[in-house]
Amino acid sequence: MTDRELRVSKIENGTVIDHVAGGQALNVLAILGIDGSEGTVVSVGVNVPSDRLGRKDVVKVEGRELSQSEVDVLSLIAPEATINIIRNYEVAEKHRVERPERVVGVLQCSNPNCITGENEPADTEFEVLKDGVRCVYCDTIIRKDFADHILA
Ligand SMILES: [Zn+2]
């Protein structure tokens, strides 16, 4: 068994998010809404040497598979990530993250006057740019701290 296989196959069921850009692991956890209080078992490798990225972070979440909307937001901070779904200690599915063209109903617009704000009927919708996302309603651009803009 290679070192790499060891790293991704140690959990029984859950998700291994591999090839996260070095230093982004904690933002990944924030996007997944994991702060430890919910009891999820999580292992995080930070700045693990990687052939492809130089250094990378690896996040292993036990007992949970990611939703498509979580993967969409993840792609904004970890465009190179690989998602490994683990079932019964085996990699059951493996996907590269793909940047969506739009993210709908996931992020909150940072413009307080936006029509998608609180008590407004419109779903948030952002166009994905190379270096951020743009609200399709008010053109506000969010370039960082995506985790802080996740809708509860
Ligand atoms: Zn907006």
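The model is predicted: local features need pLDDT of at least 70, side-chain atom pairs count only at pLDDT 80 or more, and totals for chains, interfaces and linings use all residues. Residues are numbered from 1 along each chain as its sequence is written, and side-chain values use heavy atoms, with hydrogens and water left out.

**Exercise 1.** Identify the donors of the zinc ion and the geometry of its site.

Step 1. Look for donors, that is, N, O and S atoms within 2.8 Å of the metal (3.2 Å for Na, K and Ca); water is not among the atoms, so sites may look incomplete. The SG atoms of C109, C114, C135 and C138 coordinate the zinc ion at 2.3 Å.

Step 2. Check the angles. Four donors count as tetrahedral if all angles lie between 85 and 135 degrees. Here the angles run from 101 to 115°, so the site is tetrahedral.

Step 3. Read the spacing of the donor residues in sequence: C-x4-C-x20-C-x2-C.

**Exercise 2.** Decide whether C114, C135 and I115 are buried or partly exposed.

Step 1. Apply the cut-offs: buried is under 20% relative accessible area, exposed over 50%, and partly exposed in between (1.4 Å probe, protein chains only).

Step 2. C114 counts as buried because its relative accessibility is 4%. C135 is also buried, because its value is 1%.

Step 3. I115 has a relative accessible area of 45%, so I115 is partly exposed.

How values were computed:
Tetrahedral: all angles 85-135°; square planar, octahedral: opposite > 155°, others 65-115°.
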